Amino acid sequence: MCIYMYMLEQVQTETKHKTAISISQTKMHSTKRTRPASSNSYQILSLSSSSADMIASNDDILTLILLFLRLKSLLKFKIVSKHWLSLVTHPRFSPKHNSRTISGLFVHRLSGKTKAEYDFINLSSNPSRAPFRSLTFVDDPSGIRILQSCNGLMLCCSIRADHPETNYYIYNPTTKQYTVLPGLGPGPRGRSSRNIFGIEIYVPTTGPWRPSGCTFIAPSNVQFKNGVFWNSAIHWLSDWGDSLYFDVEEEQIRDMPMPSVDEDVLVHRYFGESGGHLYLVEVYGSDNLQFDVYEMKRDYSGWLVKYKVDLNPIAAAFPEMARGYVDPIGLHSYAFSILCIVHEETDEDTFLVLHLPNKAIRYNFKDSSFKKLYDFAPRRTRVGGYISLELQCFDAYQFIKSFASV
């Protein structure tokens with residue numbers, strides 16, 4: 001088996017001194033008498049016009065000004081001219097306000113439809129329209145779906161159930177830019193009873209795919225399809241024992257310790273990154289509404305309990321959270337899952353996005369308060385004479401506004 005990784009080069013220019021741009025404005029005060037314009041007025045207008053021409057013809061000055069504009073303004077200025085578009089979409093263009101703030105979540109309900117459609121949960125303070133309902137940036141009759149999202153970029157692929165070849169894309173939903181990844185070569189195969197894995201890396205500026213030179217043996221319980229990028233590494237969980245991560249800079253595979261395992265049954269797990277923090281949640285027990293949120297230490301020395309969660313008040317407020325029938329094997333007495341942990345500027349403002357039957361809930365870690373964020377289309381299931389609001393399987397992908405070039 002071969003694991004593939006796409007690396008984007010994002011060059012961020014750091015300056016030791018702050019640069020201030022001062023734009024003076026001449027205020028014209030009206031007077032009772034109409035006076036002819038003085039020669040000084042014409043000089044001011046002429047000087048302003050020549051200054052504007054100088055800025056427009058100097059890419060360095062124009063880029064410096066564009067860097068300080070808001071994202072909404074930049075999106076409008078992209079269509080001013082082809083020249084401005086090339087400046088804003090240049091790989092070295094990195095606006096000062098670029099952040100890792102999660103503006104929303106794209107959620108895909110596994111409905112069995114051929115073409116993937118996504119609900120959008122807005123997480124910003126300002127209401128905004130969904131960037132898309134379905135992916136149409138390329139004309140693919142079979143449709144396109146999201147595989148992963150990371151720092152504003154999305155790894156997508158075509159949906160071809162009856163086709164041996166699949167196209168892969170990197171897509172920026174903010175700038176609407178995309179690139180097609182080159183074909184993937186064959187990777188190492190498993191030998192004997194052990195699985196040998198290899199990693200191939202693709203950098204757009206150097207290309208094509210190249211082997212990292214690192215082959216390793218990993219147990220079959222490692223979930224390689226659900227990698228999380230954090231701390232310059234890609235992390236994968238295992239069902240038991242230590243997990244793994246790939247150090248991108250050193251191109252080495254390392255072990256990642258895991259919290260102690262509860263003796264009860266693991267009914268839900270969340271693993272994700274937000275705001276430069278790596279989080280893990282493991283819920284044990286079919287009727288358990290209390291659990292811990294772990295955060296990995298940056299030196300990988302272990303996990304610390306960052307937050308404690310009690311969902312009993314939410315279950316009382318939303319009785320549909322309790323299932324309408326008893327599961328024969330005693331699992332999932334409460335219907336909920338974690339879509340995302342959203343890290344804000346401070347730890348106190350960080351919150352949890354929960355999926356309950358037909359709705360998404362925001363749970364604030366600071367004071368355990370909660371509110372409804374979104375209503376999903378209802379779906380009911382009849383089991384053993386009972387009608388139950390079904391908790392559909394959701395895949396959630398972070399939406400971060402970014403000007404990263406692809």
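Which residue in β15 does His 268 stand opposite? The close-ups below start from that pair and then visit other parts of this predicted model.

View 1. His 268 stands opposite Val 283, a residue of β15. The two strands in this view, β14 and β15 (residues 277–284), are paired in the antiparallel sense, with 8 bridges between them. Strands of a sheet pair through backbone hydrogen bonds, either parallel or antiparallel.

**View 2. Ser 274, a buried residue of β14.** Ser 274 is found in strand β14. With a relative accessibility of 1%, Ser 274 counts as buried, because the cut-off for buried is under 20%. Its side chain reaches two backbone atoms: the nitrogen of His 343 at 2.7 Å, and the oxygen of Ile 341 at 3.4 Å. Beyond residues up to four places away in sequence, Ser 274 touches Ile 102, Tyr 279, Ile 341, Val 342 and His 343.

**View 3. Strand β18 and its pairing with β19.** Strand β18 (residues 337–342) is mostly covered, and 6 of its 6 residues are buried. β18 pairs with strand β19 (residues 351–356) in the antiparallel sense over 5 bridges.

**View 4. Glu 251 in a loop.** Here Glu 251 sits in the loop between β12 (243–247) and β13 (252–256). The side chains of Glu 251 and Arg 210 are joined by a polar contact of 2.6 Å. Leaving aside neighbours within four places in sequence, the residues in contact with Glu 251 are Ile 201, Arg 210, Ser 212, Cys 214 and Phe 246.

**View 5. Where to read the model with care.** The chain averages a pLDDT of 77, and 71% of the residues score at least 70. Over residues 7–37 the pLDDT is below 50, and this stretch has 21 contacts in the model beyond near neighbours in sequence. Residues 383–388 also stay under 50 in pLDDT, and the model gives them 12 contacts beyond four places in sequence.

How values were computed. Residues numbered from 1 in each chain as written. Predicted model: local features only at pLDDT ≥ 70, side-chain atom pairs only at ≥ 80, totals over all residues. Heavy atoms only, no water. pLDDT = per-residue confidence, 0-100. Contact = heavy atoms within 4.5 Å. Pairing = 2+ DSSP bridges. Helix = DSSP H or I, 4+ residues; strand = E, 2+ residues; numbered from the N terminus. Buried < 20%, exposed > 50% of the residue type's maximum accessible area, 1.4 Å probe, protein only. Polar contact = N/O pair within 3.5 Å; in protein donor to acceptor, adjacent residues only side chain to side chain.
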